[in-house]
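I opened this entry to keep a record of what I looked up, in the order in which I looked it up.

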There are 2 protein chains.
Amino acid sequence: MLIDKLTHSTVGAGMIDFALRRAQNIHWQMLEIDKQARARQKHQKPCCLWLTGLSGSGKSTIANLLEKRLHAEGKHTYILDGDNVRHGMNRDLGFTEQDRIENIRRVAEVSRLMVDAGLIVLASFISPFRADRQMAREMFEEGEFVEIFVDTPLQECERRDVKGLYAKARRGELQNFTGLDSDYEAPLTPDIQLFAAQESVEACVAKVLLYLNRNA
Amino acid sequence: MLIDKLTHSTVGAGMIDFALRRAQNIHWQMLEIDKQARARQKHQKPCCLWLTGLSGSGKSTIANLLEKRLHAEGKHTYILDGDNVRHGMNRDLGFTEQDRIENIRRVAEVSRLMVDAGLIVLASFISPFRADRQMAREMFEEGEFVEIFVDTPLQECERRDVKGLYAKARRGELQNFTGLDSDYEAPLTPDIQLFAAQESVEACVAKVLLYLNRNA
């Protein structure tokens, strides 16, 4: 460990691979490499930061900046979102209600495996239904699943319409569009609520980092 | 980095979290955190070590010891196997041919995401069909997918029969059992071939570590 003499913060940490010159025939202790061992190695508390909110609410923007901040702190993170999941693992799924549930189930399972692997997972999905988010939460141990509600009003999301999806949906070219002809069930007791229409992305990210520091 | 003066091996590695006292208002560079950034952070080359072989060939034993060795070197690893996948992500799948293909496809996709996250993944699956292993390989970039054939003869696997599955299958209680009434298509050009019936687990693991060092 390297400690800054002025601030007493840890500025660096390393691991000595071997401290003694061991004989070659000594057996290694058969310790299981489990979640705790991986978390210790990474100096972090693995968790799943689940960002839910309407299309265009700012989930991806927040997740991206959050990942940069965490990475700069030496944390090991991974973003799971529609882009790397819908084209790969879940490319066999469409947008029927059943497929949307299965989409969230698999994403939550992958998040769980990644948290088990010691990572901080940033899962960014509209995930409009409470039951599905509850199903996801239940796959994790207490405190591992952090529901972050990116609470941007529908009007603001539609005004931005970065991907032009709201316009498409209003023209009737997209069915079951969340917020228009399909419900978004807002979280009743999210772990973190972000008002991305009023606060800057920086401020939103700072709020999440504060939460993580308090619950580390 | 800490270097052993006698052997010139790296015995420890750490990261300085900040080298200069920066002003608080300097903007962070908006670099994307990609596979390369994560791999650099972890000081390792992410890859998927895919262990294929008959039931009872020694895949899990080898994967477990391999993970311990890699973890001791400070590497960030994760084992994917039937235990953590069949009961979770793939619990909707059975053992029909189509379900077995889908099982391997999803496992390979999760491995790909984990390699993207910077991890060394140890995927331990019978994966009896060449086409499925090829499908898995094609999801990765050149050199990321390492096919490890745990080449233990059927007679030896059946003699061990640690889980009693061969006896069950012989009694007709298990259908489509690989090696008996379902084919195992041995890899023609595996990246690594392990003769786990003749060599010790230690020796098999050493062979894989040597391969990784040469291809790091």
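I take helices (H or I, at least four residues) and strands (E, at least two) as DSSP runs, numbered from the N terminus. The model is predicted: local features need pLDDT of at least 70, side-chain atom pairs count only at pLDDT 80 or more, and totals for chains, interfaces and linings use all residues. Residues are numbered from 1 along each chain as its sequence is written, chains are lettered from A and ligands numbered from 1 in the order in which they are written, and side-chain values use heavy atoms, with hydrogens and water left out.

**Entry: A:S55**

I found A:S55 in the loop between β3 (47–52) and α2 of chain A. I call a residue buried under 20% relative accessible area, exposed over 50% and partly exposed in between (1.4 Å probe, protein chains only). A:S55 has 12% relative accessibility and so counts as buried. For contacts I use heavy atoms within 4.5 Å. Leaving out residues up to four places away in sequence, A:S55 touches A:I126, A:C157, A:L165, A:Y166 and A:F177.

**Entry: helix α2 of chain A**

For 14 residues, that gives 20 Å, and the end C-alpha atoms are 20 Å apart, which agrees. Ten of the 14 residues are buried, so α2(A) is largely enclosed by the rest of the structure. Among the buried residues I noted A:K59, A:E67, A:K68, A:R69 and A:H71. After α2(A) comes A:G74, with a positive phi near 85 degrees.

**Entry: chain A overall**

I counted eight helices and seven strands in chain A. Of its 216 residues, 48% are buried. Among contacts in chain A with a separation of 6 or more, 73% join residues 24 or more positions apart.

**Entry: aromatic pairs**

I paired rings of Phe, Tyr and Trp (its six-membered ring) with centres within 6.5 Å; planes under 30 degrees apart are stacked, over 60 edge-to-face and the rest tilted. The search of the whole structure gave ten aromatic pairs over all chains. B:W50 and B:F145 have ring centres 5.7 Å apart and planes at 35 degrees, so I logged the pair as tilted. This pair links distant parts of chain B, with B:W50 in strand β3 (residues 47–52) and B:F145 in strand β6 (residues 145–150), 95 residues apart. Both B:W50 and B:F145 are buried. B:F140 and B:F145 are also tilted, because their centres lie 5.7 Å apart with planes at 40 degrees.

Terms used: Expected span 1.5 Å × (residues − 1).
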